[in-house]
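Reader: I've got the sequence and the model open. Can you walk me through a few spots?

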Amino acid sequence: PPRFKPAPDVYLRAASYVGGGGLPPARCVAVEDSASGVGSAANAKLGLIVGYVGASHIADKEGHAKMLLAGKRSDDGRGADVVIEDMADLPPLVAAFAAGGVEQAKGCATAGPRWLA
């Protein structure tokens, strides 16, 4: 991309290619494990931002989750909408988002024992 995260360029470019004709960013999902990545997704105005703390290099999962939720690298202060530790939790979140938007995904996330919203 012309600019690096937390600029929105990489996400806007990816959204323009989805399905061959592009999707509005508000219908897209990002999965990120860094503050800059969450900032990039937020700055692109993506519909759902999922923080991920399950990578082996993340020792303090709770602290990392709080950082991803805080949104310190986005222009408007938006952070991850939910945080997961296990990628098996991603498909139900994406399905809930597709069915009813970010609020439905957040509602789905608060019902799961491993998810933070």
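Author: One term to begin with: buried means under 20% relative accessible area, exposed over 50%, and partly exposed in between, using a 1.4 Å probe and protein chains only. Also, this is a predicted model, where local features need pLDDT of at least 70, side-chain atom pairs count only at pLDDT 80 or more, and totals for chains, interfaces and linings use all residues. Residues are numbered from 1 along each chain as its sequence is written, and side-chain values use heavy atoms, leaving out hydrogens and water.

Reader: Is Asp9 buried or exposed?

Author: Asp9 is found in helix 1; helices (H or I, at least four residues) and strands (E, at least two) are DSSP runs, numbered from the N terminus. Its relative accessibility is 14%, so Asp9 counts as buried.

Reader: Why is helix 2 largely enclosed by the rest of the structure?

Author: Its cover includes helix 1 (9-17), strand 1 (29-32), strand 2 (48-52) and helix 3 (61-70). Ser36 and Gly37 are among the buried residues of helix 2. Helix 2 spans residues 35-43 and is largely enclosed because the buried ones number eight of the nine.

Reader: In strand 2, which residue is the bridge partner of Val31?

Author: Two strands pair if DSSP finds at least two bridges between them. Strand 1 and strand 2 pair in the parallel sense over four bridges. For Val31, the bridge partner in strand 2 is Val50.

Methods: Contact = heavy atoms within 4.5 Å.
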